[in-house]
Amino acid sequence: MNKLKWGVLSTANIGLEKVLPAIQKSENGVVYAIASRNDRTARDAASHLSIPVSYSSYQDLLDDPEVEAIYNPLPNHLHIEWTIKAMEAGKHVLCEKPLALKREDLLRLMKLRDRTGLTVSEAFMVRYHPQWLTARETVQEGHIGKLKNVQGFFSYFNDDKNNIRNIKEAGGGGIWDIGCYPVTTSRLIFDEEPLRVASILEYDPETGIDRMGTVMMEFPSGQASFSCSTQLVPYQKMHIFGTKGHLEVEIPFNAPPDKACRVFTSQGELYSKDYTPMDFPVCDQYTLQAESFVRTVRGEQVNHVPLEDALKNLKVLEAIFKAGKSGMWEDVE
Ligand SMILES: NC(=O)c1ccc[n+]([C@@H]2O[C@H](COP(=O)([O-])OP(=O)(O)OC[C@H]3O[C@@H](n4cnc5c(N)ncnc54)[C@H](OP(=O)(O)O)[C@@H]3O)[C@@H](O)[C@H]2O)c1
């Protein structure tokens with residue numbers, strides 16, 4: 001079967017550094033075209049990554065009939081606008097997280113998807129990594145007893161005022177950027193939706209973005225909590241606790257594409273080293289994401305993150321912001 005031709009909106013770092021090389025390694029897709037607002041930037045990126053076609057406008061790329069699917073890594077506040085434009089041009093879209101900042105936008109997108117039959121997916125690459133799929137399976141098979149608690153941490157340090165993460169109007173802030181990961185993975189592991197959340201959010205007085213947050217989520221069958229920060233030492237970990245055992249996902253989110261990943265399991269012996277590592281062969285979660293996306297486009301029933309899931313995640317993020325303001329528990333509605 002012919003490889004699907006991808007077009008890329010912008011020369012975003014995540015695209016150039018991770019996602020485009022990953023698509024180029026995929027078995028069913030090629031990076032055919034890239035667009036930037038600046039002609040020189042587009043040509044440099046195309047030359048650097050051996051991409052055949054470059055455009056100096058996003059719309060010109062969308063107008064190219066050869067392009068079948070779009071990868072959209074624009075700043076968060078532009079995700080919806082350009083995903084809609086891409087769909088109106090008849091393209092499937094893999095859009096970076098968070099796909100939307102308002103639920104009305106996702107509902108609008110769902111209608112457009114249903115009318116056009118196009119595939120739209122939120123780029124939560126972690127949900128394709130075997131370490132997460134195995135962690136979920138391990139829990140579902142009862143190896144840690146009854147799942148009761150998930151705890152996580154995700155942080156990095158970036159106070160560059162010009163970075164999109166620190167620009168409020170561009171959808172910046174820690175919850176949108178990284179808080180979304182412990183939320184999506186907690187939902188994945190519980191295989192349920194949280195009922196209500198509480199949160200403490202600290203805002204940067206200069207930029208107005210949330211720079212540190214601590215969140216509690218009540219699920220029907222247990223509890224989850226996490227902290228995240230954009231101005232702390234880089235760290236990430238997820239712990240999954242059951243009545244009889246514990247899992248620790250060593251590098252839960254930025255799993256390296258060139259090193260084996262590990263999930264540790266323990267049965268609760270406090271003073272003995274009973275941490276057994278489950279080793280996962282080297283894989284690139286961005287390649288797995290791209291391959292699943294193309295297979296979904298081609299009508300196969302495979303793992304992907306549809307708009308329905310994006311909406312469930314967004315509802316939790318909205319409740320987190322609401323709880324941060326009210327200082328109360330807020331329902332996830
Ligand atoms: N899944 C992951 O692992 C992961 C990791 C990092 C980031 N992300 C997501 O990917 C997206 C991009 O993040 P990034 O850090 O790669 O961003 P970035 O390097 O700042 O790139 C964003 C690009 O958007 C274009 N752009 C268009 N309008 C812009 C505007 N008003 N301001 C700034 N840039 C504008 C620019 O490209 P041109 O100049 O070429 O037009 C710019 O290079 C975000 O949604 C982020 O949440 C995902």
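Me: Two strands pair if DSSP finds at least two bridges between them, and strands (E, at least two residues) and helices (H or I, at least four) are DSSP runs numbered from the N terminus. What makes β7 and β10 a pair?

Reply: This is a predicted model, in which local features need pLDDT of at least 70, side-chain atom pairs count only at pLDDT 80 or more, and totals for chains, interfaces and linings use all residues. Residues are numbered from 1 along each chain as its sequence is written, and side-chain values use heavy atoms, with hydrogens and water left out. Strands β7 (residues 147–157) and β10 (residues 222–229) share 7 bridges in the parallel sense; the definition asks for at least two, so they pair. Within β10, Cys-228 is the bridge partner of Phe-154.

Me: Why do β14 and β15 stand at the edges?

Reply: The open sheet of 9 strands runs in the order β14-β13-β12-β11-β7-β10-β9-β8-β15, with mixed pairing. Strands β14 (276–280) and β15 (330–331) each have a single partner strand, so one side of each is left without a neighbour in the sheet.

Me: Why is Ser-50 called exposed?

Reply: Relative accessible area over 50% counts as exposed, under 20% as buried, and in between as partly exposed (1.4 Å probe, protein chains only). Ser-50 is at 60%, so Ser-50 counts as exposed. This residue lies in the loop between α2 (39–48) and β3 (53–55).
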